[in-house]
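Hi,

Here is the structure I promised to pass on to you. Have a look at it first, and then read on for my notes.

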Amino acid sequence: MTGAQSLRVCRGGVILLLAAGLIAAVNAATYMVGDDGGTWTIPATTNDLNYSSWAAARNFRFGDELIFRYSTASHFVLLVNASAYETCLLEDPLDSYASGNDTITLNRPGMRDYYFVCGAPSHCWLQQKLQVTLVGSVPDALGVPEGASTPPPPSAASPRPPASGPVTLAAITALLLLFLTSTLT
Ligand SMILES: *[C@@H]1O[C@H](CO)[C@@H](O)[C@H](O)[C@H]1NC(C)=O
Ligand SMILES: *[C@@H]1O[C@H](CO)[C@@H](O)[C@H](O)[C@H]1NC(C)=O
Ligand SMILES: *[C@@H]1O[C@H](CO)[C@@H](O)[C@H](O)[C@H]1NC(C)=O
């Protein structure tokens, strides 16, 4: 490969990486928790709410937003850990929200599972609780992606560990551009 070629490949890779980042940012989805209108309340036969099936029907990714809408007279939102979620422990949550119109961004470093419960007494026991598990990569505190969001294509014979997401993407992009360059010239 000539110097000019490698420069072109390198620049192309950078541009594609920037584009990928832009697409990821633009693609961050916003979900109204609950039914179509968005409701955070106690599931009942009259409202047909089921937060586990609601969550199961969706693919949440790092950076997506959840909007909780509810009457502040009756409900609020706690972000808790897994054991507090199971036992409906309302003390010392990781975070709490009470505006009645809370936008919560799923972008905590290293956190793949988010556990929300209503903080009003007994509501958690009545299944007003929501667990969201992110698909795709979740960066840790240093911004290093973890998990298998972009499984490498079968042809990628790179010996790099899969933990290096952007590096792998850059390598694949460079290989692709190299391939295109060599076929077009
Ligand atoms: C939600 O649906 C699941 C099955 O998809 C069921 O196991 C669970 O009991 C339901 N929860 C409520 C609150 O109805
Ligand atoms: C989970 O959170 C509760 C407080 O809600 C705390 O008492 C408990 O130690 C936490 N458990 C873990 C494993 O972090
Ligand atoms: C909820 O908050 C969003 C901004 O986060 C705002 O655009 C929207 O109008 C609010 N909706 C209500 C019903 O307050």
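**Ligand 3**

An oxygen atom of ligand 3 sits 2.3 Å from an N or O atom in the side chain of asparagine 101. Before you read too much into any of these distances, keep in mind that this is a predicted model. Arginine 69 also comes in here, with a polar side-chain atom 3.3 Å from a nitrogen atom of ligand 3. The residues surrounding ligand 3 are Arg69, Asn101 and Thr103. On its own, ligand 3 has 360 Å² of accessible area, and the protein covers 29% of it.

**Ligand 2**

Next, ligand 2. Around it you'll find Asn81, Ser83, Ala84, Leu89, Glu91 and Asp92. Sorted by class, that shell comes to 2 nonpolar, 2 polar and 2 charged residues.

Which atoms of asparagine 81, glutamate 91 and aspartate 92 come up against the oxygen atoms of ligand 2? For asparagine 81 it is a polar side-chain atom, 2.3 Å from an oxygen atom of the ligand. Glutamate 91 uses its backbone instead: a polar atom there is 2.7 Å from an oxygen atom of ligand 2. Aspartate 92 likewise brings a backbone N or O atom, this one 3.2 Å from a ligand oxygen atom. Taken alone, ligand 2 exposes 360 Å², of which the protein buries 43%.

**The cysteines**

On to the sulfurs. The count is 1 disulfide, and it joins cysteine 88 to cysteine 124, with 2.0 Å from S to S. The link is left-handed, with -75° about the S-S bond. It ties together distant parts of the chain: cysteine 88 is in the loop between α3 (82–87) and β5 (95–97), while cysteine 124 is in the loop between β7 (113–118) and β8 (129–135), 36 residues apart.

Are the two partners buried or exposed? Cysteine 88 counts as buried because its relative accessibility is 10%, and cysteine 124 counts as buried because its value is 2%.

**Histidine 123**

Back in the loop between β7 and β8, have a look at histidine 123. This residue counts as buried because its relative accessible area is 12%. Its side chain makes a polar contact with the side chain of histidine 75, at 3.2 Å. Leaving out residues up to four places away in sequence, histidine 123 touches Ile42, Ser74, His75, Cys118 and Gln128.

**Tyrosine 115**

Last stop: tyrosine 115, in strand β7. With a relative accessible area of 13%, tyrosine 115 is buried. What does it touch, once neighbours within four places in sequence are set aside? The contacts are Leu78, Leu79, Val80, Asn81, Ala82, Tyr85, Leu130 and Gln131. Finally, the C-alpha atoms of tyrosine 115 and threonine 133 are separated by 8.8 Å, and the two residues are 18 residues apart along the chain.

Cheers

How values were computed:
Residues are numbered from 1 along each chain as its sequence is written. Chains are lettered from A and ligands numbered from 1 in the order in which they are written. This is a predicted model: local features need pLDDT of at least 70, side-chain atom pairs count only at pLDDT 80 or more; totals for chains, interfaces and linings use all residues. Side-chain values use heavy atoms; hydrogens and water are left out. A residue is near a molecule or strand if one of its heavy atoms lies within 4 Å of it. A polar contact is a pair of N or O atoms within 3.5 Å; within protein, one must be able to donate a hydrogen and the other to accept it, and residues adjacent in sequence count only if both atoms are side-chain atoms. Accessible areas come from the Shrake-Rupley method with a 1.4 Å probe; for residues, only the protein chains shown count as cover. Ala, Val, Leu, Ile, Met, Phe, Trp, Tyr, Cys and Pro count as nonpolar, Asp, Glu, Lys and Arg as charged, and the others, Gly among them, as polar. A disulfide is a pair of cysteine sulfur atoms within 2.5 Å. Helices (H or I, at least four residues) and strands (E, at least two) are DSSP runs, numbered from the N terminus. Buried means under 20% relative accessible area, exposed over 50%, partly exposed in between (1.4 Å probe, protein chains only). Contact means heavy atoms within 4.5 Å.
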